[in-house]
Amino acid sequence: MVTFEFEGLQFEADDDVLTDYEFVCDVLTADKKPDAMVRCFQAVFAGRDREYAKMLGGKFATMGKLLEAAIRAAGENAKN
């Protein structure tokens, strides 16, 4: 798990999921399979995706930005 800050709040994401091939495929094909993105959020945020969405005002676009921040945090974590 990697802990990171987004919009002044602390979040956790599963960095193993973020580097998983199936996860990457789901993210890259989410425009063809919308339910794949929801599964990605659930997996990356260890089932806390709805809680995180509420903390951030419930906007789907913001969850996408949160996912981007989690990916960056996992990349930084891998460098260390």
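Glu68 is partly exposed, at a relative accessible area of 47%; buried means under 20% relative accessible area, exposed over 50% and partly exposed in between, with a 1.4 Å probe and protein chains only. The model is predicted, so local features need pLDDT of at least 70 and side-chain atom pairs count only at pLDDT 80 or more, while totals for chains, interfaces and linings use all residues. Residues are numbered from 1 along each chain as its sequence is written, and side-chain values use heavy atoms, with hydrogens and water left out.

**Overall build**

- The protein chain has 5 helices and 2 strands; helices (H or I, at least four residues) and strands (E, at least two) are DSSP runs, numbered from the N terminus.
- Read from the N terminus, the order of elements is β-β-α-α-α-α-α.
- The radius of gyration of the protein chain is 12 Å, which agrees with the value near 12 Å for a compact globule of 80 residues. That radius is taken over C-alpha atoms, and the globule rule is 2.2 Å times the number of residues to the power 0.38.
- The C-alpha trace spans about 30 × 30 × 15 Å along its principal axes.
- Of the contacts between residues at least 6 apart in sequence, 51% join residues at least 24 apart; a contact means heavy atoms within 4.5 Å.

**Surface and charge**

- Buried residues account for 36% of the 80 residues in the protein chain.
- The protein chain carries 10 positive and 15 negative charges, and their mean positions are 7 Å apart. Lys and Arg count as positive and Asp and Glu as negative, while His and the chain ends are not counted. Each charge is placed at NZ of Lys, CZ of Arg, CG of Asp or CD of Glu.

**Aromatic rings**

- A search of the whole structure finds 5 aromatic pairs. Rings of Phe, Tyr and Trp (its six-membered ring) pair if their centres lie within 6.5 Å; planes under 30 degrees apart count as stacked, over 60 as edge-to-face and the rest as tilted.
- One of these pairs is Phe6 with Phe11, edge-to-face at 6.4 Å centre to centre and 65° between the planes. Phe6 is buried at 11% relative accessibility, and Phe11 is buried at 1%.
- Phe41 and Phe60 make an edge-to-face pair as well, with 5.5 Å between centres and 70° between planes. Because Phe41 lies in helix H3 (residues 34-44) and Phe60 in helix H5, the pair ties together parts that are 19 residues apart in sequence.
- Within that pair, Phe41 is buried at 5% relative accessibility, whereas Phe60 is exposed at 53%.
- One aromatic cluster is formed by Phe4, Phe6, Phe11, Phe45 and Tyr52.

**Backbone in the loops**

- Most residues other than glycine have a negative phi.
- Glu7 has a positive phi, near 50°. Glu7 sits in the loop between strand S1 (2-6) and strand S2 (9-13) and is exposed, with a relative accessible area of 55%.
- Ala46 also has a positive phi near 50°, and its place is the loop between H3 and helix H4 (49-55).

**Selected helix positions**

- Which helix holds Glu68? Glu68 belongs to helix H5 (residues 60-79).
- Is Ala36 buried or exposed? Ala36, in helix H3, is buried, with a relative accessible area of 0%. The C-alpha atoms of Ala36 and Phe23 are 8.8 Å apart, and 13 residues separate the two along the chain.
- Arg50 is part of helix H4 and is exposed, at 65% relative accessibility. From Arg50 to Asp35, 15 residues apart along the chain, the C-alpha separation is 15 Å.
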